[in-house]
Amino acid sequence: MSQSAVTRFAPSPTGYLHIGGARTALFNWLLARQSGGKMLLRIEDTDRERSTEGAIAAIIDGLQWLGLDWDGETIYQFARVDRHREVAAQMLASGAAYKCYATPAELDEMRELARKEGRPPRYDGRWRDLGGSEAEAYAIAEGRKAVIRLKAPREGETVIQDKVQGMVTFPNKDLDDLVLLRSDGNPTYMLAVVVDDHDMGVTQIIRGDDHLTNAARQTHIYQAMGWDIPAFAHIPLIHGPDGAKMSKRHGALGVDAYRALGYLPEALRNYLARLGWSQGDREFFSTPELVEAFSLDQVHRSPARFDYVKLENMNGQYMRAMDDALLLEQFVASLPYLPNGPELAAKLDDRKKAQLASAMPGLKERAKTLVELADGAQFLFAQRPLSYDEKARDLLGEAGRAHLAALAPKLEALPEWAAAAAEAAVRAYVAETGAKLGQVAQPLRAALTGRATSPGIFDVLVTLGREESLGRIRDAAHGGGAPNV
């Protein structure tokens, strides 16, 4: 086991828990659990205009649904603003930072000049060595407000030994003096992140590779304060099936959407873990196996492509392998989030739960998601007279209704309402009439479920019970029912 690690997941509460953020949280969680360390949760809510309580709740709910627990109290970054200002003042006092009175118009001019000269647009450092001078007094007299900037090194290189990207080198001449404290006294993201990570004792930072340049800039803050620098691991972003960065056009982006699509948290967790990390050709891992096997050394540098078909297939295999009672528990808990789920939940009583438990072996064999499971279970919640879909109506033509009318008294006469007994009665009727089994079983299926597909028809008979089954059969035999709408 590697040395105990302290990781953190630090989302901004400006929207849902993005699927890429969920994978970042998972990797942090896996490393912390694998090393016997801790994963901390920090809500980076300093953007007061965009941060919302609803987004915070969505992030926490998404993490809890995925089974990614964290250690200790949740940290809220905005509550630590005074600490961030304190560190900025320390850096100013030590000479590691300085006051900059450049106006927005002057900054625009600097960027425009840099663009014309073919240089990256950035601040030119004009206030770097003017602190306490007449120029500063003049700026104050003009009513200019200062920001506090880091006095970053200008010579040499900053080297990041990244656990995923390898050694990454940044020429210091390309990294300007970043703003630590804005003119209104509020800290920037760069300062707040470093101060919080240091104070929280974070030893390993795992985040998206779009933060790689930030690692170099943040390293300068660590060095200016004389603090230990955490290890970095910048993981590639998730791309869509077409190789482009995941966006709305690729489908679901938030974890809540995958819940509504009927995926199991275990399956999504397994899929996300394998998205950019591999251990040979193995696809399926239990959670303890993931914790034991995970290593940053096996995280790929290239972006992973999200494959919805692969996720759906994995989810279906999880459903089929899951204990029926546990799957029923997850299904019931998921109903409020599924399309038409609240409608089913309103009808769910102890009898319906017992019927679902009885039907679960057949239902899960035909479903890859909980949405499909709910669709397959509709016949349990249907009320007489049933609505028949188009294929079911085709099966309930004159010949099909005649078979049902003749079969009903034979089923009613069964001394035991059991699948084997019902099957024997149907087969005996088929042998007696010379009909084919499908010519009888298919209209029977349509009569009982309103559809042409369902779990095993004799299991359906038992699950519905004698009275309900015979009632539906007689309805269909006499031409009852309404068209599906």
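**View 1. Tyr258 and Phe306 in an aromatic pair.** Tyr258 is buried, with a relative accessible area of 0%; buried means under 20% relative accessible area, exposed over 50% and partly exposed in between, for a 1.4 Å probe and protein chains only. Phe306 likewise counts as buried, at 0% relative accessibility. The model is predicted: local features need pLDDT of at least 70, side-chain atom pairs count only at pLDDT 80 or more, and totals for chains, interfaces and linings use all residues. Residues are numbered from 1 along each chain as its sequence is written, and side-chain values use heavy atoms, with hydrogens and water left out.

**View 2. Phe27 and Phe294.** The structure holds 10 aromatic pairs. Rings of Phe, Tyr and Trp (its six-membered ring) pair if their centres lie within 6.5 Å; planes under 30 degrees apart count as stacked, over 60 as edge-to-face and the rest as tilted. Phe27 and Phe294 form a tilted pair, 5.1 Å centre to centre with 45 degrees between the planes. Phe27 lies in helix α1 (residues 19–34) and Phe294 in the loop between α10 (287–293) and β12 (304–305), so the pair ties together parts that are 267 residues apart in sequence. Helices (H or I, at least four residues) and strands (E, at least two) are DSSP runs, numbered from the N terminus. Both Phe27 and Phe294 are buried.

**View 3. The ring cluster around Tyr258.** The pair of Tyr258 and Phe306 is tilted, with 5.7 Å centre to centre and 50 degrees between the planes. Tyr258 belongs to helix α8 (residues 255–260), while Phe306 is in the loop between β12 and α11 (308–321); the two are 48 residues apart, and the pair links distant parts of the chain. Ring pairs join Tyr258, Tyr263, Tyr271, Phe306 and Tyr308 into a cluster.

**View 4. Arginines over phenylalanine rings.** Arg48 lies over the face of Phe78, at 3.9 Å from the ring centre. For Arg282, the ring is that of Phe285, and the distance from the ring centre is 4.2 Å. A charge sits over a ring if NZ of Lys or CZ of Arg is within 6 Å of the ring centre and within 35 degrees of the ring normal.

**View 5. The sheet β4-β5-β8.** In this open sheet, 3 strands follow the order β4-β5-β8 with antiparallel pairing. β4 (97–100) and β8 (179–181) stand at the edges with a single partner strand each, so one side of each is left without a neighbour in the sheet. Neighbouring strands are turned by 45 degrees against each other on average, direction ignored; the axes are lines fitted to C-alpha atoms, for helices over the stretch in contact, and angles run from 0 to 180 degrees between N-to-C directions. Strand β5 (residues 147–150) is joined to β8 by 2 bridges, and two strands pair if DSSP finds at least two bridges between them. Ile148 has Leu181 of β8 as its bridge partner.

View 6. Most residues other than glycine have a negative phi, and most peptide bonds are trans. The peptide bond joining Arg384 and Pro385 is cis, with omega about -5 degrees. Pro385 lies in the loop between α16 (378–381) and β13 (387–388). Asn340, although not a glycine, has a positive phi of about 65 degrees. Its loop runs between α12 (324–334) and α13 (341–347).
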